[in-house]
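Work through the exercises below with the structure open. Try each task before you read its solution.

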Amino acid sequence: METGIHELTAGYALDVLDDDERWAYETHLADCERCREDLTAFWQTTEALAIAAAGPAPAPELRGRILTAARAERQVVVPLESRRRRVAPVLGAAAAVAAVLALAVGLWATQLSGDLDDARLALERERQAAAVLADPGARTVSLEAGEGRLVVDDDGRAVLVLDGLDPAPAGKTYELWIIEGENASPAGLFPGQDGRDWVGLDGTVEPGDVVAVTIEEAGGVEVSANDPIVASAPV
Amino acid sequence: MRKQHAHLSDEALVAQVARGDEDALSELYDRVGRIAYGLAVRVLRDDRLAEDAVQEGFLAVWRSAASFRAERAKASTWILTLVHRRAVDLVRREERRRTEPLGEELPTGRGQESEPTDEAAWLRFERERVQAALKQLPDVQREALELAYYGGFSQSELAQRLGVPLGTIKSRMFSGLARLRELLDESTQEGSWKPEFTS
């Protein structure tokens with residue numbers, strides 16, 4: 001088993017894994033120093049494969065087109081929700097890869113800063129989330145607002161996977177909620193990052209509950225007056 | 001100012017891009033764009049589509065630079081991953097490659113006479129070094145690596161296409177990449193220039 005998943009390092013570096021294997025590998029990566037070392041080396045080798053394909057230069061206009069497109073995006077300043085809608089279809093899979101890389105190295109970074117209790121707590125939370133995601137019995141609940149999915153295991157532990165959410169604005173945080181009928185209970189805070197977010201909920205969900213995300217002042221609130229920007233279908 | 005950027009590492013440039021620095025993006029394009037384009041052409045076999053893949057890949061760099069962490073992956077690797085993923089998405093959409101025969105020769109035969117004269121010497125040297133290393137791989141390993149990376153086939157698609165068990169494909173890919181890494185390490189040592197002293 002250990003050898004089996006270790007072998008996936010090559011496919012991960014080449015980006016040719018199927019989704020479920022990619023998830024399994026990323027979960028494994030967080031705990032396996034050997035795979036992390038091999039992955040670093042394999043990424044390098046993958047870059048050599050790209051160099052082996054080098055040929056004529058692209059048309060000179062390409063660089064200008066890229067810069068113009070980049071500038072156009074920067075000029076559009078819109079609220080978070082509509083911006084996410086605008087960007088998401090364009091981002092697509094490329095952003096998923098970026099997020100994957102960020103996730104993998106994020107976990108390492110967390111492990112490295114072991115002197116902080118916060119980091120340990122965050123890591124523990126990520127481990128729990130990883131366990132839910134790796135649970136073959138877990139089921140996926142779609143989102144009615146926002147992009148991503150909610151993954152719930154048999155014990156009601158839940159992980160919200162979000163794509164294309166921007167980092168929370170300065171002085172703000174994202175807050176998770178478990179909504180049971182009229183009652184919304186806080187279920188944790190997260191800062192958000194570009195690309196894919198991957199957050200475990202505090203507490204458990206019951207069938208019929210809805211999971212939601214709001215933007216709140218840093219530190220979070222017990223009762224929110226804000227509309228959710230993300231909401232799941234009933235669990 | 002572009003001049004200042006010339007001294008920055010790729011990783012520092014990505015950090016600048018995360019702050020919205022267009023010149024840093026431009027400098028990254030100058031450094032990695034050509035390799036990215038070559039890779040995209042190899043995957044897509046179409047200049048226009050390859051340009052699209054490179055453009056979208058670099059826009060992804062622009063948008064997600066803040067999520068890049070330099071602890072493990074180099075910035076150039078990260079950028080190439082983004083462009084590669086986009087190229088594979090496009091080739092899957094096109095489906096054109098699917099009808100082409102397997103085991104096609106590497107276009108190593110871009111002869112010296114058609115060699116682009118503006119190609120940086122280091123790139124030509126590196127390309128030839130990697131191609132030489134690739135040729136030394138056992139055929140089945142090279143085939144697995146090339147079909148996966150340049151062909152955009154997933155491991156399970158490859159197993160089906162080549163009619164071998166998925167486990168075999170995984171081993172070939174792992175062994176192939178590990179062997180390629182060794183060969184490249186060896187040739188780096190051989191190729192490094194050392195002054196000769198005669199006494």
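**Exercise 1.** Find which residues of H3(B) meet which residues of H5(B).

*Solution.* Helices are DSSP runs of H or I with at least four residues, strands are E runs of at least two, and both are numbered from the N terminus. Contact requires C-beta atoms, placed from the backbone, within 7 Å. On H3(B), the residues include Leu28(B), Val32(B), Ile35(B) and Leu39(B). On H5(B), they include Ile79(B), Leu80(B), Val83(B) and His84(B). The contact divides into 15 nonpolar, two polar and no charged residues. Nonpolar covers Ala, Val, Leu, Ile, Met, Phe, Trp, Tyr, Cys and Pro; charged covers Asp, Glu, Lys and Arg; the others, Gly among them, are polar.

This is a predicted model: local features need pLDDT of at least 70, side-chain atom pairs count only at pLDDT 80 or more, and totals for chains, interfaces and linings use all residues. Residues are numbered from 1 along each chain as its sequence is written, while chains are lettered from A and ligands numbered from 1 in the order in which they are written.

**Exercise 2.** State how H3(B) and H5(B) pack.

*Solution.* Their axes lie 9 Å apart, at an angle of about 30°. The two helices are therefore roughly parallel (an angle under 35 degrees).

**Exercise 3.** Describe the side of chain B that touches chain A.

*Solution.* Start with the count: 66 residues of chain B contact 60 residues of chain A. H3(B) gives the largest share of this side, twelve residues. By class, the side of chain B divides into 31 nonpolar, 17 polar and 18 charged residues.

Methods
Two residues are in contact if their C-beta atoms, placed from the backbone, lie within 7 Å. Axes are lines fitted to C-alpha atoms, for helices over the stretch in contact, and angles run from 0 to 180 degrees between N-to-C directions. Angles under 35 degrees count as roughly parallel, over 145 as roughly antiparallel, 65 to 115 as roughly perpendicular and the rest as oblique.
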